[in-house]
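Subject: Structure for you, with notes

Hello,

Here is the structure I promised to pass on. Please open it first, then read the notes below.

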Amino acid sequence: HGWMLVTPKEVPQQAVTGGVHPVLSGGDARMGIGCAEVKVISSVVPKASQCVDIRAEITGLMGEGEPPPGLCQAWAETSKDSGALEPRSTWADERRLPHEQSVLPEAHRRRINGETAEQIKHAVAVKARCHDTSVDQPWPANCLLGITDAYALLVTSLWLLPKSLLFYPLLMIAGMPLLLAVKLWMCTLPACTLFVDRTRCGFRVFAVVAAVLSLPTVLLALLSLAMDMILYYVFSLLFCCLTFNWRSYCRSLAALQPYRGGPSLLAAGGDLVVALAGTVHRVGALEATFMLATMLTVIPWFKYFVNANPFLYPLEERFVQQLSTSMQDMSVPNITRAANDAIVRCKLEHRIRKALRRWNFVPHYPWPPPWKRWAIGVQAGGFTDGPGLFLLLTHTLPADCAHQGSREQFVMSNSAMLPWQRVMLWYNNPYHFLTGWIEAQVSTGLAWQVNKARGGEHPMWVVATKSPWHASRKAPFTVGWVDAMFDGWLPRLVHLLRSSVRGEAVANELFEHVLSKDGISRPASQKKIPWVETKLRTMQMGGSVFGAVGSE
């Protein structure tokens, strides 16, 4: 249920009934983004005068004079020339969505959002290209880099095997008291706690206790990271000198530059305590002990030596989109509320907690403290059912958060209907194996996946290389592997959200997998999803962190 305006080229007339979208065949299509139903006026693309009728459908849902979210500036200028729509600059600021409204000075906004000037400059440049964010970027493998893959994996095997035998037992012994204390503290919180009040004396006392208990783990983690960095430079410089790879090294540094200088993990101790507490509640203390040891032992080496090594590989930014099946039978506010209940809420309902224990990916993005809008999040992952293999740390920015009176944040996706979370994977964060900018939000599905309207999208702009290993969807800890994993996980997420909103029976009836592959992963069974009208508008948060971001 997206609306579209196209340049004056003839397209075949399509029968449009009961929420079926027309399919454009050929032609230079320019598609806007909104949530009104498509109406085909004739077999020829409508002229400016006819576009007024389509715009009336949009403004009935979006509000008079309000631009469709995600409309890029280049398309707005094209629309201006055709007379179909006004350029974006003429829309009044008060009609924009909350994340588009500038309230604070730029430096203040960057500080509370956990942003850098280089990061935002790069994001604006990517957005200005107006590329299609509904389909993966082609990523052909460069077979000449197979030798580099062999070298990287050989060194990895020779180093990580003896290191794991040494550090895994030590880290599990050191981390057990901390995680057991976190589990006991979680038992003191009321059932279904939304978020932890970090201004209370009780939390501050426990944070001090957790800091003392974590000292052995922190020292072992720093020792492990220092050993990784020594061998990283030894084997990386050796390869770069032998292959005269310095020109590629300089270009690769430019790809990494936007993701340097993010907020330090060492300065976010309270965030780490809250994120670990929510994760232990979800996966259990014993499982979390092993997963924490994996994160501290294995993940930094995969990040810096294997995945984002400018000395070994020619690095560039890769775009990958994961898009769930359609949730157009639920309103956008209901979708975001259900997602917050499963992923943001500190202490879960028993029904949700039981469902999450069967997932191979369990994210927890806690609500930020009052003095900033970003927080540390934790992702628990595994290879099969159940998340019991590794933990990952992220920097998250929830779009709902109005701390410091601002909800402004830049959205890179051109297919986003309404932002929900930004997940930053900074290069200076050693405890996530990827580097890049990720978003999670409700999508329009435009332009190439309109059969997934109002699905959950997970666009990723990640620094990667085109070697055979990194282009594969089966190689662990690579972008392709994450893409394939999300194709299997997103249907489970949709099932949980739908069961929370519409009930278990409806969720089981409409459940469907996708055909996982590069490019576009289509729904496997092509089920017809009922359409429920939704209306987006600016709405204050009130007193609840899970208040609606719109109205039904």
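Are K163 and D228 buried or exposed? Both K163 and D228 are buried. Keep in mind that this is a predicted model. I come back to that pair below.

**Overall**

The protein has 16 helices and nine strands. Of its 552 residues, 59% are buried. Take the contacts between residues at least 6 apart in sequence: 76% of them join residues at least 24 apart. The accessible surface is about 22300 Å², and carbon and sulfur atoms account for 63% of it.

**Salt bridges**

The whole structure holds 15 salt bridges. One of them joins the side chains of K163 and D228, at 2.7 Å from N to O. This pair links distant parts of the chain. K163 is in helix α5 and D228 is in helix α7 (residues 215-243), 65 residues apart.

R198 and D271 also meet in a salt bridge, with an N to O distance of 2.2 Å. Here too, distant parts of the chain are linked. R198 sits in the loop between α5 and α6, and D271 in helix α9 (residues 269-283), 73 residues away. R198 and D271 are both buried.

E349 and R351 form a salt bridge as well, with their closest N and O atoms 3.7 Å apart. E349 has a relative accessible area of 32%, so this residue is partly exposed. R351 is partly exposed at 35%.

There is also a network: salt bridges link R109, E115, E408 and R422.

**Helix α3**

R109 comes up again in helix α3 (residues 106-113), whose buried residues are R109, R110, I112 and N113. What do the buried residues of α3 pack against? They pack against α4 (117-128) and β4 (390-398). Just after α3 comes G114, with a positive phi of about 70°.

**Aromatic pairs**

The count of aromatic pairs is 25. One of them is W246 with Y249: the ring centres are 6.0 Å apart and the planes stand at 85°, so the pair is edge-to-face. Both residues are in helix α8 (residues 246-256). They are three residues apart, which means a separation of about one helical turn. W246 is partly exposed, at 36% relative accessibility. Y249 is at 19% and counts as buried, because the cut-off for buried is under 20%.

F311 is buried, with a relative accessible area of 6%.

These residues belong to one aromatic cluster, made up of Y232, Y233, W246, Y249 and F311.

**Charges over rings**

Two lysines are worth a look. The charged end of K372 sits over the ring of W374, 3.5 Å from the ring centre. The charged end of K466 sits over the ring of W139, 5.0 Å from the centre.

**Two threonines**

T148 is in helix α5. This residue is buried, with a relative accessible area of 6%. Leaving out residues up to four places away in sequence, T148 touches F239, L312 and Y313.

T193 is in the loop between α5 (146-187) and α6. At 12% relative accessibility, T193 is buried. Which residues does T193 touch, not counting those up to four places away in sequence? They are R345, C346 and K347.

**On the surface**

A nonpolar patch on the surface is formed by V208, V212 and L215. Together they have about 280 Å² of accessible area. V212 lies in helix α6 (residues 201-213). V212 counts as exposed, at 53% relative accessibility.

Best wishes

Notes: Residues numbered from 1 in each chain as written. Predicted model: local features only at pLDDT ≥ 70, side-chain atom pairs only at ≥ 80, totals over all residues. Heavy atoms only, no water. Phe/Tyr/Trp six-rings, centres within 6.5 Å; stacked < 30°, edge-to-face > 60°. Helix = DSSP H or I, 4+ residues; strand = E, 2+ residues; numbered from the N terminus. Buried < 20%, exposed > 50% of the residue type's maximum accessible area, 1.4 Å probe, protein only. Lys NZ or Arg CZ within 6 Å of the ring centre and 35° of its normal. Patch = residues over 30% accessible without salt bridge, like charges linked within 9 Å, V, L, I, M, F, W, Y side chains within 5 Å. Areas by Shrake-Rupley, 256 points an atom, 1.4 Å probe, with all protein chains shown as cover. Salt bridge = Lys/Arg side-chain N within 4 Å of Asp/Glu carboxyl O. Contact = heavy atoms within 4.5 Å.
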